[in-house]
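Subject: Structure handover

Hello,

Here is the structure I promised to pass on. My notes follow it.

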Amino acid sequence: MFAPEDILYEDNHLLIVNKRCGDLVQPDPSGGDALERQIKEFIRRRDAKPGEVFLGVVHRIDRPVSGAVIFAKTSKALARLNEMIRRGEIKKTYWALTESRPDPEEGELCHYILRNEKTNRSRALDAPRGDAKLAKLRYRTLGASARYTLVEVDLLTGRHHQIRAQLSKIGCPIKGDLKYGARRSNPDGGISLHSYRVDFIHPVRRERIVVTAPVPKEDNLWAFFARQFSLLPCEF
């Protein structure tokens, strides 16, 4: 559930929150409550707004994933941010805890993502097939514990389950991600993938916005990596 302390950045046009693992960004067929409604209700009460609160979903991250999500508080900001998303002008950096160490330790992955609507799963293919869409990301290995590796991902395209499918394709499934080959689930039912940073030009004020989302504080493994690597730059 959303709480005010989850707000990472807010002004008259934007709201960026640190989504918790298991939260929906917006309603889906499961019928569960979603951040979109919770945040609108929070703003309505906090600001004593008499009418409907405007809140636009700029992008989504999967339910079992945590981290930074951008919302628009005005229609002008939403339209401009949507166009920025389309042009690839919002840089999104993720942290993933993988069950194996990538080889090589850094590089670019290029696959074709084929989504199966019935199973809600995607396959990363080496060559085009049917409706498969081109998917690209850059990655680098930041460090490792005895059993897991911290991998930083710079997402270059936004395909369904892209990071999960591409890392699995190279033999590095994300911790807890049973759907993509992990050995076991996480206790909270989520996966160890975190939207760590968003970096973009403000759609109205035209100044650079860089927001970093703290990793889940209740997860001891995330805390271990955060102590060692949270001050490293996320540039490629």
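Start with helix 2, residues 75-87 of this predicted model. Helices here are DSSP runs of H or I with at least four residues, strands are runs of E with at least two, and both are numbered from the N terminus. The 13 residues of helix 2 should span 18 Å at 1.5 Å a residue, and the end C-alpha atoms are 19 Å apart, which agrees. The expected span is 1.5 Å times one less than the number of residues.

Four residues of helix 2 are buried: Ala77, Leu78, Leu81 and Met84. They cover an arc of only 125° around the axis, so they sit on the same side of helix 2. The arc is taken from the directions that run from the helix axis to the C-beta atoms. Ser75 and Arg86 are exposed on the other side of helix 2. Buried means under 20% relative accessible area, exposed means over 50%, and partly exposed is in between (1.4 Å probe, protein chains only).

What do the buried residues of helix 2 pack against? The partners are strand 2 (14-19), strand 3 (56-57), strand 4 (66-72) and strand 10 (193-201). Contact means heavy atoms within 4.5 Å. Just after helix 2 comes glycine 88, with a positive phi of about 75°.

Two notes on the model itself. Residues are numbered from 1 along each chain as its sequence is written, and side-chain values use heavy atoms, with hydrogens and water left out. The model is predicted, so local features need pLDDT of at least 70 and side-chain atom pairs count only at pLDDT 80 or more, while totals for chains, interfaces and linings use all residues.

Helix 1 can be read the same way. Its twelve residues, 35-46, should span 16 Å at 1.5 Å a residue, and the end C-alpha atoms are 16 Å apart, which agrees. Leu35, Glu36, Gln38, Ile39 and Ile43 are the buried residues of helix 1. Their arc is only 165° around the axis, which puts them on the same side of helix 1. Strand 2, strand 3 and strand 4 are among the elements that cover them. Alanine 48 follows helix 1 and has a positive phi, near 50°.

Leucine 193 is in strand 10. Its relative accessibility is 4%, so leucine 193 counts as buried. Alanine 96 is 97 residues away in sequence, yet the two C-alpha atoms are 4.5 Å apart. Not counting residues up to four places away in sequence, leucine 193 touches Val65, Ser66, Tyr94, Trp95, Ala96, Ile163, Arg164, Ile174 and Trp222.

Glutamine 166 is in helix 3. It is buried, at 0% relative accessible area. Beyond its neighbours within four places in sequence, glutamine 166 has contacts that include Leu109, Cys110, His111 and Ile113. Ala124, Ala135, Lys136 and Leu137 are also in contact with glutamine 166.

Next, the pockets. A pocket is an open set of points on a 1 Å grid over the protein atoms alone, with protein on both sides within 12 Å along at least five of seven lines; lining residues have an atom within 4 Å of a point. The largest pocket has a volume of about 1400 Å³. It is lined by 44 residues, and Arg60, Asp62, Arg159, His160 and His161 lie nearest its centre. Helix 2, strand 5 (91-98), strand 6 (106-116), strand 9 (149-155) and helix 3 (162-169) each give two or more residues to that lining.

The second largest pocket has a volume of about 370 Å³. Its lining has 15 residues, with Asp6, Asn18, Arg20, Lys217 and Glu218 nearest the centre. A volume is the space filled by probe spheres set on the grid points, which are joined across faces, edges and corners.

Last, some backbone details. Most residues other than glycine have a negative phi, and most peptide bonds are trans. The bond from aspartate 103 to proline 104 is cis, with omega near 5°. Proline 104 is in the loop between strand 5 and strand 6. Asparagine 120 has a positive phi of about 50°, and lies in the loop between strand 6 and strand 7 (121-125). Arginine 206 also has a positive phi, near 65°. It is exposed, with a relative accessible area of 54%.

Best wishes

How values were computed
1 Å grid on protein atoms, 1.4 Å probe; cavity = no way out; pocket = protein on both sides within 12 Å on 5 of 7 lines; lining within 4 Å.
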